[in-house]
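Please look over the sequence and the model below, and then read on.

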Amino acid sequence: MGEKRKENALVISQEVLADGIFSMWIRTKAAVSAKPGQFISMYTDDGGKLLPRPISICEINKEEEKLRVVYRVTGKNTGTEQFSRLRGGDTIPLIGPLGNGFPVEKAKGRRAFLIGGGIGVPPILELAKQIECEKKQIVAGYRDMHTFLKEEFEENGEVYISTEDGSAGVKGNVLDAVREHALEADIIYACGPTPMLRAIKAYAEEKNIVCYVSLEERMACGIGACLGCVCKTSKKDAHSNVHNSRICKDGPVFPAAEVEL
Amino acid sequence: MNMKVNIAGVEWKNPVTTASGTFGSGAEYADFVDLNRLGAVTTKGVASVPWPGNPTPRVAEICGGMMNAIGLQNPGIDLFCERDIPFLRKFDTKIIVNVCGRSETDYCEVVERLADEAVDMLEINISCPNVKEGGIAFGQSAKAAEEITRAVKRYAKQPVIMKLSPNVTDIAEMARAVEAGGADAVSLINTLTGMKIDIHRRTFLLANRTGGVSGPAVHPIAVRMVYDTAQAVKIPIIGMGGIANAEDAIEMMLAGASAVSVGTANFHNPTVTMEIVDGIERYLEKNHIEDVRELTGAVR
């Protein structure tokens with residue numbers, strides 16, 4: 001007990017992928033046990049900003065003990081803006097890996113959709129790299145033509161793009177891309193904004209497909225203690241003894257059928 | 001050097017505990033801290049039956065702190081006794097169970113249920129700003145606070161700590177009221193009621209609209225209230241409110257606290273409680289103070 005602690009991890013490099021979207025490689029022990037769909041809690045060095053920022057893991061390199069995070073700067077004077085100023089050689093305090101991650105093994109022998117929307121796109125990359133399935137169909141939804149990570153997805157499966165403004169791929173959302181290309185799957189993994197996940201959950205129910213969704217909520221502790229980031233569940237949760245699960249600890253990935261969106 | 005403190009007849013190995021609601025029942029933090037090194041673990045509030053709590057968002061950051069409106073989500077006393085107490089009993093630390101309720105009957109039911117459980121102290125939460133009924137209703141009237149204290153004391157086998165709200169005109173009056181009602185100790189401060197508005201969405205940031213403000217931003221308010229309370233009552237005070245390091249903890253003790261609780265700071269640094277225990281020890285050593293109890297109320 002007591003062997004985990006906040007780590008002052010080393011920033012290896014940082015680059016801009018698109019307007020407001022940053023990619024950072026970090027040398028951290030968290031990489032050793034990290035799984036796709038998990039996240040790390042990153043802290044700023046601003047004494048006024050106390051809470052960690054939960055950031056999903058985009059890529060894992062266990063051998064070299066490094067993780068990649070791709071995140072959006074959410075505004076002026078935000079924690080993410082401070083992260084975006086870090087350069088190789090700087091340090092970043094963090095804890096992790098946190099959360100449960102995607103059940104990669106369930107895809108074996110199945111046709112899979114790997115769906116990411118907006119800033120829910122990044123965790124889909126490591127999932128795409130690790131997943132073994134009969135048909136790997138990556139569907140990524142963006143606001144506009146800044147289709148970050150698209151080339152890297154193309155090295156890992158069939159890629160279908162949707163954009164809200166129609167500037168790349170199918171105009172509309174990720175399900176519009178699925179319909180437009182007449183894609184079919186037996187299992188879905190998805191990460192993105194709640195309205196997208198709600199639509200995907202409904203689609204999965206209609207088609208009777210197994211579906212896992214990665215949820216997001218404002219967090220405080222990030223480790224399951226404060227009960228800040230719960231989601232509503234269809235069945236009584238064993239830990240909470242009510243219809244609430246902790247997104248940081250019991251999630252962020254849940255079977256879509258078990259959560260109310 | 002002595003780090004032991006005696007709070008209402010219960011000896012803690014050091015004056016550091018965790019603020020209710022920030023530490024669960026310790027299980028999540030056991031990966032980060034050695035629970036054996038805490039003076040006590042104060043649990044998340046528990047009620048007679050499971051409570052689902054408030055809708056989300058339940059938390060928000062502010063400059064130098066945070067707001068929460070969890071709404072006392074808890075698994076109910078039965079599961080708590082079955083799972084959380086046996087977990088904590090594996091460690092050499094004192095167990096303080098925080099008790100919440102909506103009515104006098106609710107509080108008394110939980111307290112009675114805990115009477116024969118292996119817990120060391122009870123902390124009665126009459127100060128949660130985030131639930132509509134109960135909680136704060138008892139914490140903002142001296143008469144109601146005294147009455148609930150007296151009621152709880154009839155069923156309690158363990159020493160009773162009454163947790164006070166800062167959302168009152170005169171906290172010393174509240175402390176005197178619970179002392180008159182038979183409280184063995186007081187703890188303060190619970191969170192200050194606040195509000196945060198999202199200017200882009202033009203709505204409240206917390207689903208509950210209001211929430212409890214905590215963190216370093218409230219520390220000076222807490223120090224002042226602990227000081228005021230120390231001048232008003234003889235029972236020991238557990239001081240809390242924005243303690244983020246050993247210096248803050250020492251300050252709280254100098255103002256009159258016999259022990260301190262660490263809350264929001266756990267979110268910023270999961271191992272902070274260990275650093276605070278070590279830091280208090282170093283301070284005593286450096287200043288040639290033999291006994292940590294000498295700090296309590298040393299500034300008048």
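## The interface between the chains

The model is a predicted one, and across the interface of chain B and chain A there are 15 residue pairs in polar contact, counting pairs with both residues at pLDDT 80 or more. On the side of chain B that touches chain A, at least two residues each come from β5 (59-62), β6 (65-68), α1 (77-89) and α8 (265-268) of chain B. Of these, β5(B) gives the most, with four residues. Sorted by class, this side of chain B holds 22 nonpolar, 13 polar and seven charged residues.

The contact as a whole draws 42 residues from chain B and 34 residues from chain A. The size of an interface is often given as the accessible area lost when the parts come together. Between chain B and chain A the buried area is about 3,200 Å², and carbon and sulfur atoms give 59% of that area.

Three salt bridges are counted between chain B and chain A. A salt bridge links Glu28(B) with Arg246(A), where the closest N and O atoms are 2.9 Å apart.

## An enclosed space

Rolling a probe the size of a water molecule over the atoms shows where empty space is left. In this model the count comes to one cavity of 30 Å³ or more, and the largest cavity holds about 490 Å³ of space. Its lining is made of 36 residues, of which the closest to the centre are Ser20(B), Thr22(B), Asn68(B), Asn190(B) and Thr191(B).

Two or more residues of the lining are given by each of β6, β14 (210-214), β16 (259-262) and α8 of chain B. By class, the lining of the largest cavity has 16 nonpolar, 18 polar and two charged residues.

## Backbone features of chain A

Most residues other than glycine have a negative phi, and most peptide bonds are trans. Against that background, a cis peptide bond joins Gly96(A) and Pro97(A), with omega about 0°, and Pro97(A) belongs to strand β6 (residues 91-98) of chain A. The peptide bond from Gly251(A) to Pro252(A) is also cis, with omega near 10°, and Pro252(A) sits in the loop between β14 (244-246) and β15 (253-255) of chain A.

Asn77(A), although not a glycine, has a positive phi of about 60°. Asn77(A) is placed in the loop between β5 (66-72) and α2 (79-84) of chain A.

Terms used:
Residues numbered from 1 in each chain as written. Chains lettered and ligands numbered in written order. Predicted model: local features only at pLDDT ≥ 70, side-chain atom pairs only at ≥ 80, totals over all residues. Heavy atoms only, no water. Contact = heavy atoms within 4.5 Å. Buried area = accessible area lost by both parts, 1.4 Å probe. Salt bridge = Lys/Arg side-chain N within 4 Å of Asp/Glu carboxyl O. Polar contact = N/O pair within 3.5 Å; in protein donor to acceptor, adjacent residues only side chain to side chain. Nonpolar A, V, L, I, M, F, W, Y, C, P; charged D, E, K, R; others polar. 1 Å grid on protein atoms, 1.4 Å probe; cavity = no way out; pocket = protein on both sides within 12 Å on 5 of 7 lines; lining within 4 Å. Points joined across faces, edges and corners; volume = space filled by probe spheres on them.
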